[in-house]
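Please work through each task before reading its solution.

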Amino acid sequence: MLFIFLCFTHSHTHTQQELDLSNNKLSEVPKDIGLLANLRALYLDGNGIQTLPESITALVNLHRLTLSKNQLEGEIPAIQHMPKLSIFSVNGNKIDSFPHGVLPKLANIKVSACASLSRARLTILSPPSPKTDFGCRQK
């Protein structure tokens with residue numbers, strides 16, 4: 001799977017705008033993901049991803065990032081360096097915080113079923129937008 005992705009990445013670096021790797025039993029995001037400079041949407045839902053590579057911050061044209069139902073824990077790294085990111089979904093992970101300054105720029109954020117993240121903490125960090133789905137509940 002990883003080999004196929006890397007071959008695809010290198011042959012479509014300048015044209016690929018949307019990539020759906022959902023439900024592929026991935027345990028990690030390939031470090032070369034940052035080579036997809038024109039990527040606008042990245043769907044990684046339903047895998048076993050525990051961390052994101054730092055190279056994901058090179059996706060400066062990314063508008064949508066979905067990471068629901070993975071194994072992410074702690075703080076989401078460096079998404080504040082993605083200037084066009086406006087739709088972000090991390091439902092069903094163990095996220096406990098977001099990088100400073102990231103919440104105000106997101107037009108739509110979904111954090112349902114993140115047992116470690118509370119609505120009160122998110123509200124203190126940033127007033128919720130009309131399309132914020134807190135729905136945090138203990139499993």
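**Exercise 1.** In this predicted model, determine which residues Ser-22 touches, not counting residues up to four places away in sequence.

*Solution.* Step 1: with those neighbours in sequence set aside, Ser-22 touches Tyr-43, Leu-44, Asp-45 and Asn-47. Step 2: as for its place in the chain, Ser-22 is found in the loop between strand 1 (18-20) and strand 2 (41-43).

**Exercise 2.** Identify the polar partner of the side chain of Ser-22, and state how far the backbone nitrogen of Asp-45 lies from a polar atom of that side chain.

*Solution.* Step 1: the side chain of Ser-22 makes a polar contact with the side chain of Asp-20, at 2.8 Å. Step 2: a polar atom of the Ser-22 side chain lies 3.4 Å from the backbone nitrogen of Asp-45.

**Exercise 3.** Decide whether Ser-22 is buried or exposed, and do likewise for Asn-23.

*Solution.* Step 1: the relative accessible area of Ser-22 is 17%. Buried means under 20%, so Ser-22 is buried. Step 2: Asn-23 has a relative accessible area of 61%. Exposed means over 50%, therefore Asn-23 is exposed.

**Exercise 4.** Describe the phi angle of Asn-23 and that of Lys-69, and locate Lys-69.

*Solution.* Step 1: Asn-23, a residue other than glycine, has a positive phi near 55 degrees; Asn-23 lies in the loop between strand 1 and strand 2. Step 2: for Lys-69, phi is also positive and near 55 degrees. Step 3: Lys-69 is in the loop between strand 3 (64-66) and strand 4 (73-75). Step 4: Lys-69 counts as exposed because its relative accessibility is 63%.

Note on methods: Residues numbered from 1 in each chain as written. Predicted model: local features only at pLDDT ≥ 70, side-chain atom pairs only at ≥ 80, totals over all residues. Heavy atoms only, no water. Helix = DSSP H or I, 4+ residues; strand = E, 2+ residues; numbered from the N terminus. Buried < 20%, exposed > 50% of the residue type's maximum accessible area, 1.4 Å probe, protein only. Polar contact = N/O pair within 3.5 Å; in protein donor to acceptor, adjacent residues only side chain to side chain. Contact = heavy atoms within 4.5 Å.
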